[in-house]
Amino acid sequence: MSVLMGFLRRYAPFLAAAAAVLMFVILVPSRPAVTPDSLALDGAQSSEQPGASIAGEGQAGPLPGAAASNAPGTVANGTTALATRGGAGPVPQAGGAPPPGAGDLPCSPRPVLAGCKPGWAGGSNGGATGHNVTADRVTVVWYVVYVDPALRSAQAAAGTAYSEEEIRGDVQALQSFLRKNVQLYGRKLDVVPYFGSHPVSDNAGLKAEAVEIDQKVKAFAVTAATMPVALSDELVRRKVLAWNTFQQPANYYASKAPYAWSVVGDADLLNASTAEYASKRLAGKKAQFGGADVQGKTRRFGLAYEGVISASAKDLIARMEAEGTPFVTTVEFGSELATAEQDSINAIAQFKAADVTTVICIGNVFAPLFLTKSADNQQYYPEWFVNAYLFQDAEEAARQYTPTQWEHAFGFTQLALRRNYKESRGYAASKDGDPSWEPTAGIALMFTSLSPIARGIEAAGPALQASTFQRGLFSLPALSGSPTETGSSYGSNGPGPYTGIDDFAEIWWNPTDTQTFDGKPGSYARTNGGRRIQLGQWPRTTPQVFS
Amino acid sequence: MRGAGWSVTAFVLVVLALQLVLPGGVPLGIIGLGLTIGSLNALLAVGLVLVYRSDRIVNFAHAELGAVTATLTYKLVTGPGLNYFAALLISLVAALVLGALVEVLVIRRFAQAPRLVLTVATIGLAQVLAYGEFLISKAITSTSSADQYTTPVSNLAINLPPVRLTGDFLLAVLLLPVVVGALALFLNRTSYGAAVRASSEGRERAAQLGIPVKAISTQVWMIAAVLAMLAASLRAPVVGITVGTALGPGLLLQALAPAVVGRMQNLPVTVIASLLLGIVAQAVYFATGSAAIIDVVALAVIAGVLLVRRGTTSRAEQAVTSSWRLAEEMRPVPAQLRHLREIPVARSLALVTAVGAVTWAATSTSDATANLLTLVPIYALIGLSFVVLTGWAGQISLGQFALVGVGAAVAGKLNADYGGDFLASLIVGSLAAAAVALVIGLVSLRVQGFFLAVTTLAFAVAAGSWFLDVRRSSWLVPVGDVARPVLLQRVDLENERAFLVFCTLVLTLAAIAVRSLRTSRTGRVIVAMRDNERAVQAYGVSLLQTRLVAFAVSGLLAGLAGGLFVHHQHGISLTSYTPTASLSVFSMAVIGGLGSVSGALLGAGFLIGVQYFTEGPVRLLAIGFGQLFLLLFLPGGLGALLSRARDAALRLLARRHGIRVPSLLRDDRQDTQA
């Protein structure tokens with residue numbers, strides 16, 4: 001008894017505090033307030049339900065990765081279709097009616113952008129119809145990712161680093177173009193550059209930037225050359241449309257619908273295409289594009305993947321197995337550069353030991369840099385299969401890879417044939433918007449990123465909000481691809497409802513070609529003149545690469 | 001000879017074990033690769049040991065010290081096209097100069113500072129050196145790319161399937177015994193070597209014997225810089241070189257693990273351990289295809305070796321352990337002054353200022369700023385956990401952010417995946433972190449000071465790449481969105497300002513609790529244990545219980561910070577709980593000062609301020625040079641500055657009232673003498 005009393009005497013304050021906390025916890029309701037409209041302002045699914053489809057909207061499209069139903073060439077130019085619909089268009093999937101006031105007046109032709117500018121009789125546009133939308137303004141942010149001094153120096157050497165003034169000038173010119181050529185239903189479109197000040201690894205910093213973009217800049221949508229995932233996640237939570245979180249699994253976009261979007265295809269699409277290409281064109285045949293050490297051997301596939309994207313890697317592994325072309329070995333590598341460099345020797349040894357003839361590498365843009373160097377050291381010259389992951393199909397990256405290795409690289413890309421930027425639609429749009437401004441080479445990418453948002457805003461009609469944006473974008477016809485233009489679609493028109501580009505071109509690396517968009521040696525050559533190919537349409541014939 | 005016999009036996013046993021355990025066995029080429037990587041790591045490890053023996057610190061700048069000169073080698077070869085060996089010679093001279101400069105300009109300035117402070121200074125030094133690499137890279141333009149960086153021996157090769165060991169691999173393996181042998185001869189057969197050894201055994205005693213310890217220390221750093229240069233220069237053609245990127249803790253750990261096995265003393269054991277660890281790591285990676293497992297292997301090796309070895313009982317080792325301690329506590333206001341009217345007025349003023357600052361932050365700042373400012377109380381909680389663990393108990397943790405991660409994972413999991421109550425999830429998360437901290441506390445019974453620091457760093461590395469990775473630990477890490485609640489059905493914590501106020505309230509409560517704990521019997525016993533374990537035991541106090549209490553309280557605070565952090569971030573991101581974050585918060589705690597609650601707050605303010613409210617060159621200066629300068633002039637941290645300012649004010653007050661306060665006068669005399 002005395003022991004108990006002693007204990008109580010000594011610890012009474014602590015016990016009292018613990019009891020107080022316990023009472024507080026019991027009595028104070030503090031569960032996250034999940035209400036039907038807590039996130040889904042526009043009737044969209046909450047991002048708290050990963051993997052959820054957009055069934056709530058009644059618009060679930062075909063499963064990502066499934067064969068596309070739209071054949072190329074269905075709509076060569078959306079002018080007619082849009083003209084009859086007046087931009088907003090009926091939404092067959094959602095069953096919504098055309099927005100009031102839209103579609104009554106003739107559609108006027110416009111340069112560069114697909115379709116024509118729908119007429120609008122004027123009147124009320126509904127005012128603040130959506131998050132960060134007001135009666136007279138809608139803001140779209142062009143987010144510029146922060147790069148550290150070392151990388152910036154490398155970018156400057158490659159001629160891809162632009163000053164703030166240059167970026168502002170490009171943004172201004174495109175803003176003028178879009179204001180002139182997109183029906184905004186009485187609102188003014190502000191395109192605002194936002195210069196990130198935190199590296200992509202700084203999640204807390206990126207999330208704070210998302211808060212600022214939402215609360216201070218009042219953005220309706222944000223796009224970037226590539227948007228960091230942490231930034232996208234927080235924007236989506238805040239009901240701001242986040243564009244260009246690259247090549248995430250399809251369920252990433254579906255679970256964040258209708259807020260997460262991307263111009264390029266999702267990881268599931270790339271994986272499905274990889275599996276199809278491999279099974280139809282490569283599997284069971286002798287390796288013929290590698291070095292002497294693998295030449296003539298029956299193809300065996302190996303996968304090197306960065307740990308942080310293992311979900312995509314697992315999906316690819318499963319799809320390859322389903323196609324009857326399993327990987328004989330898979331190797332994971334880390335994201336820390338110094339250790340990833342070290343790991344690459346062992347990774348190559350694993351491929352050699354498993355008699356891998358064809359290597360697929362998915363991960364950051366540096367991964368092939370290390371792997372090709374190690375492979376060269378090891379005098380191992382496999383076929384390198386390029387499957388459009390994270391800029392490996394961009395010349396700027398490929399030129400950094402060991403040439404004696406990358407001359408065995410082939411596969412597919414989602415990029416269109418790259419011309420000099422002065423021949424691009426972005427350049428034309430910029431000149432249309434502000435003839436006095438001489439844009440940078442980055443204008444092409446900026447325009448490609450901004451144009452689907454502008455089209456979506458237009459197609460949403462006067463009552464602009466995330467759900468009408470989705471409905472509008474889904475209602476637009478698919479744009480067919482050509483060698484110099486990518487085919488793209490949203491909604492049920494293509495494989496990924498929330499991602500745009502849905503076709504591919506077959507490529508191979510030509511280290512000596514100088515007829516490139518920037519006049520520098522080394523470019524991805526294209527078979528069949530760069531013909532675009534849809535998922536499900538890869539032929540069974542041997543690839544005509546390196547010819 | 002006996003050592004060589006044991007080494008060969010160990011090699012044979014390890015290789016045999018790997019052949020038996022790993023599916024498919026281990027090809028000879030992988031063993032060769034392991035030997036090469038192990039040799040490169042051994043060169044780093046030997047340098048780490050030398051510096052440890054000289055200065056009793058983990059030199060976090062060691063790899064960067066080599067990377068700077070390796071960048072010079074690489075640039076001289078690929079830029080002006082200098083002969084590789086000529087470039088190596090120039091880099092060797094540069095390494096000698098750099099080592100001397102670092103010792104004279106930085107290390108020597110911290111001669112009297114606690115080892116903790118010097119360790120944190122090397123973290124800042126690593127940043128400065130990384131910037132140096134960048135400058136060299138910018139100054140000398142390469143005409144060929146990194147993959148064309150070959151050496152005169154690159155074309156020689158032995159084919160040991162599935163690895164082709166080029167001349168560069170072989171050079172690394174062959175040079176290791178030459179370098180270590182030469183070092184051993186230098187240390188054992190020359191008078192300089194004898195002086196180095198004497199100095200490392202006890203600086204003050206060596207100085208009394210007439211040994212020029214400062215010059216000896218400079219020489220040690222020069223040797224260490226050359227070893228680091230050799231490691232990095234030999235590494236470049238084998239593995240590659242990434243210019244301007246600080247070599248991460250993952251790589252450092254691969255060199256630290258064998259150094260720990262050699263007890264930071266025995267060079268031959270360090271080298272053998274490095275080679276064996278290299279083989280094991282490469283073999284396991286080859287067999288499993290998973291790189292992250294190497295980090296877990298390193299943790300297992302470090303923890304295993306430290307746990308099975310005999311306890312540290314020697315006086316020399318105890319001296320080392322105590323030199324890692326740092327506690328410049330803020331003393332209470334002297335009793336003679338407490339009754340003065342100015343004291344409560346000043347206290348009220350401080351309180352009003354604090355409340356005013358929070359009110360201003362909660363009402364006048366933008367949402368984005370409020371969001372970032374919320375990190376200050378969260379990080380201050382982590383700082384408090386250091387105050388308890390390091391400031392009071394004298395225990396070092398370089399893995400505190402991993403504990404934050406545990407708290408975050410558990411609290412987030414309960415909230416997001418099980419719909420748990422917010423406050424309850426915070427408590428459970430804190431308890432989970434406290435439980436993990438208790439396990440570390442048990443380890444600390446056998447391992448202390450530097451070795452505990454390395455063990456916790458290994459824990460941080462393994463936790464970041466394995467345990468807190470949702471792909472491997474989906475049972476622990478939340479998958480869904482971690483939403484903030486609406487408190488009392490009216491305070492929506494999704495509002496950034498409301499969450500800032502809430503976190504500040506939690507910090508305030510935690511600070512009051514910590515302060516109360518310090519003045520309680522438990523707090524006094526923890527501090528007494530730090531100062532003299534044997535004396536405390538003589539009073540019948542259980543060392544085990546006391547130390548575990550310190551670890552548990554520290555873990556509880558870190559876990560609480562984690563619970564708040566995961567709600568602040570709305571989830572767990574893969575890159576949030578890296579060992580680099582652990583090193584950052586460790587630096588933060590030392591910069592703030594480990595002796596007081598206000599130090600924790602100031603440290604958090606400094607870290608968040610530098611990281612999020614500065615840009616470009618200012619940020620770079622603040623992180624690297626700023627950290628160094630701050631530690632140089634304020635080894636007790638910002639908290640000590642506050643403490644001194646307060647004492648100065650108290651002295652003035654005492655003089656004005658004509659009150660004699662011995663403790664303050666003593667300080668005054670010391671200041672005058674200085």
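Asp190(A) is buried, with a relative accessible area of 13% (buried means under 20% relative accessible area, exposed over 50%, and partly exposed in between, with a 1.4 Å probe and protein chains only). The model is predicted, so local features need pLDDT of at least 70 and side-chain atom pairs count only at pLDDT 80 or more, while totals for chains, interfaces and linings use all residues. Residues are numbered from 1 along each chain as its sequence is written, chains are lettered from A and ligands numbered from 1 in the order in which they are written, and side-chain values use heavy atoms, with hydrogens and water left out.

The partner of Asp190(A) is Arg137(A), and their side chains meet in a salt bridge with an N to O distance of 2.5 Å (a side-chain nitrogen of Lys or Arg within 4 Å of a carboxyl oxygen of Asp or Glu). Because Arg137(A) lies in strand β1 (residues 137-144) and Asp190(A) in strand β2 (residues 188-195) of chain A, the pair ties together parts that are 53 residues apart in sequence. Helices (H or I, at least four residues) and strands (E, at least two) are DSSP runs, numbered from the N terminus. Arg137(A), at 33% relative accessible area, is partly exposed.

Two further pairs in chain A join loops. Asp518(A) forms a salt bridge with Arg399(A), with 2.8 Å between the closest N and O atoms. This pair links distant parts of the chain, 119 residues apart: Asp518(A) sits in the loop between β11 (503-510) and β12 (523-526), and Arg399(A) in the loop between α12 (395-398) and α13 (403-406). Asp518(A) is partly exposed at 30%, and Arg399(A) is partly exposed at 21%. In the other pair, the closest N and O atoms of Glu485(A) and Arg419(A) are 3.8 Å apart in a salt bridge. Here Glu485(A) belongs to the loop between α16 (466-475) and β11, and Arg419(A) to the loop between β10 (409-413) and α14 (425-433), 66 residues apart. Both are partly exposed, Glu485(A) with a relative accessible area of 25% and Arg419(A) with one of 30%. Over all chains, the structure holds 35 salt bridges.

Turning to the interface, 70 residues from chain B and 63 residues from chain A take part in the contact (heavy atoms within 4.5 Å). The two chains bury about 5,600 Å² between them, 53% of it on carbon and sulfur atoms; buried area is the accessible area (1.4 Å probe) that two parts lose on being put together, summed over both. Three salt bridges cross the interface. Glu494(B) forms a salt bridge with Arg237(A), at 3.3 Å between the closest N and O atoms. A network of salt bridges links Asp214(A), Glu234(A), Arg238(A), Arg484(B) and Glu496(B).

Within chain B, Asp421(B) lies in the loop between α18 (400-418) and α19 (422-444). Asp421(B) is buried, with a relative accessible area of 12%, and its side chain reaches the backbone nitrogen of Leu423(B) at 2.9 Å.

Chain A averages a pLDDT of 83, and 80% of the residues score at least 70 (pLDDT is the predictor's confidence in each residue, from 0 to 100). Over residues 33-101 of chain A the pLDDT is below 50, and this stretch has 149 contacts in the model beyond near neighbours in sequence. Where pLDDT is low, the predicted coordinates should not be read in detail.

Methods: A polar contact is a pair of N or O atoms within 3.5 Å; within protein, one must be able to donate a hydrogen and the other to accept it, and residues adjacent in sequence count only if both atoms are side-chain atoms.
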